[in-house]
Amino acid sequence: MEDDPPDVDPVVDATATDIAEMRIRGAATIADAAAEALATHAKRSEASSPEAFRSGMRAAARRLYETRPTAVSLPNALRYVLQGMDGETVAELRSSTAARAEAFRRDLEQAQAKLGEIGANRLRDGDVVMTHCHSTDALSCIEAALEDGKHVEAIVKETRPRKQGHITAEQLREWDVPVTLIVDNAARRYLDDADHVLVGADSIAADGSVINKIGTSGLAVNARERGVPVMVAAQTIKLHPDTMTGHTVAIEMREENEVLSTDERSEITGLEEADDGLIVENPAFDVTPPRHVDAIVTERGQFPPESIVTLMRELFGETIGEPWEA
Ligand SMILES: O=P(O)(O)OC[C@H]1O[C@H](OP(=O)(O)O)[C@H](O)[C@@H]1O
């Protein structure tokens, strides 16, 4: 018989649930929350031996990993923290792991600020930026441009079905940026008024493909046709190491009820009960090929998408296992 899996701290469970249900969302924010949860788990661990501590940490990482599949910042964060488990005693392991998680969170914040400064160089005074979804990395570029004294305006796509564009609009208005909010289907019409498309990323593949909120690829195709450059703001934690060896990135399929309520479903089908003839598909992300992206802005500089693999090799090497195999 197999042993029971080790207990994880309730904070780990709560964080995992919040990530799965998108109360915690956005690739960088998810990574930060996961590292914080691992730190708490490490600090509160009452493991009776170093091996028990390590297996508890691995169980916590696995619980967090199994929440959402697309943003690679999550496994990258888990792996980074677990690689920092160091020591002969539980006390040593506890403090090294917690310190590693805290260093990760500090680095994440600094990387985003640095990325913002680099991305701001692409924005000129008076530029209009079209955004999709809500990305803290993308917003960091606008924030840095504002700090440089540039005037920036924004056309903000609503981003169905969850309307994260509202979060972007709220942040931009807080910074006093003039915002025009549009429905997603209006994007092509408004591209003529935009100087840049600026989006974030959940994962970047080795060939320079950008995996981001559903609708990004269509926006990028339209932007290319209209001659509007597409800029992707993505810290290196968004680089997906497994894609160097040919793995594809899993696209999360979310619940029907984000798109269609039970009442709306009954109105369409005229039935109270289930109708297997009506299927609702709700992919959360899509893949934008590198030819539709002008630049990937990271804290290490900005790169044409085709050359991102060089940075990926430098940062991750060639072989990577699951986070809990660290
Ligand atoms: O890391 P930052 O730049 O904040 O966000 C990156 C991306 O994460 C979000 O995914 P979701 O809303 O969690 O599904 C969006 O796709 C956004 O572009």
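Visitor: Which residue is the bridge partner of Ile204 in β6?

Guide: Val210 is the bridge partner of Ile204. A word on the basis first. This is a predicted model, in which local features need pLDDT of at least 70, side-chain atom pairs count only at pLDDT 80 or more, and totals for chains, interfaces and linings use all residues. Residues are numbered from 1 along each chain as its sequence is written.

Visitor: What makes β5 and β6 a pair?

Guide: Two strands pair if DSSP finds at least two bridges between them. β5 and β6 (residues 210-213) have two bridges, in the antiparallel sense. One joins Ile204 to Val210. Another joins Ser203 to Ile211. So the pair meets the rule of at least two bridges.

Visitor: What lies between the strands in the hairpin of β5 and β6?

Guide: Five residues lie between them. In this hairpin, Gly208 takes a positive phi near 90 degrees.

Visitor: Why are β5 and β8 called edge strands?

Guide: β5 (203-204) and β8 (285-288) each pair on one side only. Their open sheet has three strands in the order β5-β6-β8, with antiparallel pairing. β6 and β8 pair over four bridges, and Asn212 stands opposite Asp286 in β8.

Visitor: What is the order of the seven strands in the other open sheet?

Guide: The order is β3-β2-β1-β4-β7-β9-β10, and the pairing is mixed. β3 (179-182) and β10 (301-303) each have a single partner strand, so one side of each is left without a neighbour in the sheet. Neighbouring strands are turned by 25 degrees against each other on average, direction ignored.

Visitor: How do you know that β1 pairs with β2?

Guide: β1 (residues 128-131) and β2 (residues 153-157) share four bridges in the parallel sense. The rule asks for at least two, so they pair. Thr131 stands opposite Val156 in β2. From β1 the chain crosses through helix α6 (residues 136-147) to β2, and this β-α-β crossover is right-handed.

Visitor: Why is a crossover called right-handed?

Guide: Point the strands away from the viewer. The crossover is right-handed if the path from the first strand over the helix to the second runs clockwise.

Visitor: How many residues surround the ligand?

Guide: 17 residues surround the ligand. A residue is near a molecule or strand if its C-beta atom, placed from the backbone, lies within 6 Å of it. The closest are Gly26, Ala28, Ser135, Thr136 and Gly200. α2 (27-44), α6 and β6 each give two or more residues to this shell.

Visitor: Where do the two domains come from?

Guide: The domain assignment gives domain 1 (10-114) and domain 2 (117-249 + 283-324). Such bounds come from an automatic or database domain assignment. The domain centres, taken over C-alpha atoms, are separated by 26 Å. The shell around the ligand draws at least three residues from each domain.

Visitor: How many residues of domain 1 are in contact with domain 2?

Guide: 24 residues of domain 1 are in contact with 21 residues of domain 2. Contact means that the C-beta atoms, placed from the backbone, lie within 7 Å. α4 (73-83) is among the contributing elements on the domain 1 side. α4 gives the most, with seven residues.

Technical notes:
Two residues are in contact if their C-beta atoms, placed from the backbone, lie within 7 Å. Axes are lines fitted to C-alpha atoms, for helices over the stretch in contact, and angles run from 0 to 180 degrees between N-to-C directions.
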